[in-house]
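Colleague: I'm new to reading protein models. Could you walk me through one, step by step?

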Protein chains: 2
Amino acid sequence: MYDILLTYISQRSVTPITAEQAALIRDAFKPKKLRKKQYLLQEGDVCKYLSFMVKGAMRQYSIDEKGNEHIVRFGIDQWWMADRESFEMQTPSRYNIDAWEETELLQVSRPAYLSLRDAVPAVMEMTQELDKRGSIAAQKRIQAVISYTAEERYLDLLKTHPYFLQRFPQHMIASYLGISAETLSRIRKQALSK
Amino acid sequence: MYDILLTYISQRSVTPITAEQAALIRDAFKPKKLRKKQYLLQEGDVCKYLSFMVKGAMRQYSIDEKGNEHIVRFGIDQWWMADRESFEMQTPSRYNIDAWEETELLQVSRPAYLSLRDAVPAVMEMTQELDKRGSIAAQKRIQAVISYTAEERYLDLLKTHPYFLQRFPQHMIASYLGISAETLSRIRKQALSK
DNA sequence: CGATTTTTTGAATCATATCAACGTACGTGG
DNA sequence: CCACGTACGTTGATATGATTCAAAAAATCG
């Protein structure tokens with residue numbers, strides 16, 4: 001399981017990882033398993049760990065006054081999960097994160113992560129690469145949601161992240177798209193006939 | 001004008017900037033002035049520079065098939081402007097960036113920026129800090145747009161970025177919020193009476 | 001001052017939400 | 001292995017919020 005993480009890091013950095021550095025990485029990350037529906041983070045808690053998903057499926061969402069869930073992010077195999085704001089600032093989170101499938105994680109605490117980043121250039125580089133990709137993806141999603149209709153956003157998701165549709169139930173996909181489950185059902189029916 | 005940039009960088013980093021490093025920064029950034037309505041970047045162009053706004057007001061937007069503008073980002077004094085994706089990947093941009101007020105910039109090319117980041121730790125640290133803040137802000141905006149009604153988003157903008165409302169016309173604010181100018185007008189009228 | 005841009009208002013229309021009911025699939029315990 | 005319960009998906013009817021188009025009013029600029 002650590003091999004998956006090490007491979008992941010080296011693929012996203014230029015500086016190679018030495019044997020000693022690999023050992024540091026192994027020491028910093030602790031394995032954790034989550035069952036289906038188990039929380040990784042609950043609203044009000046501080047996000048203590050940055051988690052690498054070895055395998056599984058999770059979602060990050062907020063709950064509004066009416067009790068409706070709004071999914072802001074999905075994560076599956078080999079994605080990172082954390083509430084960035086809460087993790088970086090060590091403030092209480094406004095989000096929940098839970099597992100939709102049985103999930104295996106490797107977790108690093110913030111202090112351990114900070115020293116790891118200083119000790120291992122590849123980790124630093126990976127972090128930057130991820131931030132870069134994250135910013136670009138976030139920008140695209142903002143554009144999508146302010147410019148496109150519900151149908152266009154669904155079709156775009158179908159094109160860019162088809163695996164989400166296979167691993168999460170449709171009402172979660174609807175929440176992620178910012179529409180009601182019923183609307184998504186109708187959109188799909190309509191899109192089929194085209 | 002370079003002083004503003006140097007102060008900006010040192011406030012957002014921990015490592016102090018030496019005199020030599022300050023000289024490197026001055027060399028890397030070239031001043032540029034934009035008149036009102038002048039483009040910094042046009043759709044289809046590659047974003048060659050990262051621009052620090054010394055003073056002024058700009059917007060980044062896309063144009064859909066119907067010719068409607070969708071503003072994804074505003075920038076004012078002491079913000080950075082660039083299409084991140086185009087700048088990092090050196091691919092043609094899908095966005096336009098133009099000046100709404102007379103604007104003074106300090107621009108750095110991508111190669112110069114990369115070497116500067118390596119030579120000056122403070123620049124590296126600032127970059128990370130900005131990425132971090134950018135990711136957090138983007139996440140919040142995504143949440144806002146999928147969870148809140150138009151009115152709630154307007155009130156939120158009023159609270160978090162009141163200066164935008166003073167420096168950009170209302171129809172641009174509407175575009176930024178993802179609603180029509182008419183709807184924003186009606187929302188404001190209604191909100192006043194409360 | 002006139003010209004242009006911006007904001008407001010009204011009326012018609014459209015997209016999506018909501019509520020309620022029903023059908024279906026799935027997994028779990030007996 | 002079947003039956004039952006719960007979660008998921010679909011459909012219809014209605015309500016609502018936002019868009020569109022058109023025009024007038026107000027503000028801004030040269």
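Colleague: Let me start with one pair: which residue in β7(B) does B:M58 stand opposite?

Modeller: B:M58 stands opposite B:A99. Before we go on, this is a predicted model, where local features need pLDDT of at least 70 and side-chain atom pairs count only at pLDDT 80 or more, while totals for chains, interfaces and linings use all residues. Residues are numbered from 1 along each chain as its sequence is written, and chains are lettered from A and ligands numbered from 1 in the order in which they are written.

Colleague: Which strands make up the open sheet in chain B, and in what order?

Modeller: Four strands, ordered β2-β7-β4-β5, with antiparallel pairing. β2 (39-41) and β5 (69-76) of chain B are at the edges with a single partner strand each, so one side of each has no neighbour in the sheet.

Colleague: Which helices pack on that sheet?

Modeller: For angles, axes are lines fitted to C-alpha atoms, for helices over the stretch in contact, and the angles run from 0 to 180 degrees between N-to-C directions. As for contact, two residues have it if their C-beta atoms, placed from the backbone, lie within 7 Å. α5(A) packs on the sheet, touching β4 and β5 of chain B, and its direction makes about 130° with that of β5(B). α8(B) also touches β4 and β5 of chain B, at about 110° to the direction of β5(B).

Colleague: How many residues does each chain put into the contact between A and B?

Modeller: Chain A gives 21 residues and chain B gives 21 residues. On the side of chain A, α5(A) gives the most, with 13 residues.

Colleague: How do α8(A) and α9(A) cross?

Modeller: Their axes come within 8 Å and cross at roughly 100°. Angles of 65 to 115 degrees count as roughly perpendicular, under 35 as roughly parallel, over 145 as roughly antiparallel and the rest as oblique, so α8(A) is roughly perpendicular to α9(A). Residues of α8(A) including A:Q170 and A:I173 meet residues of α9(A), among them A:T183 and A:S185.

Colleague: Which residues of α8(A) are buried?

Modeller: Buried means 20 or more other C-beta atoms within 10 Å of a residue's own (12 or fewer is exposed, in between is partly exposed; C-beta atoms are placed from the backbone). In α8(A), A:I173, A:A174, A:S175, A:Y176 and A:L177 are buried. The buried residues pack against β5, α6, α7 (162-167) and α9 of chain A.

Notes:
Helices (H or I, at least four residues) and strands (E, at least two) are DSSP runs, numbered from the N terminus. Two strands pair if DSSP finds at least two bridges between them.
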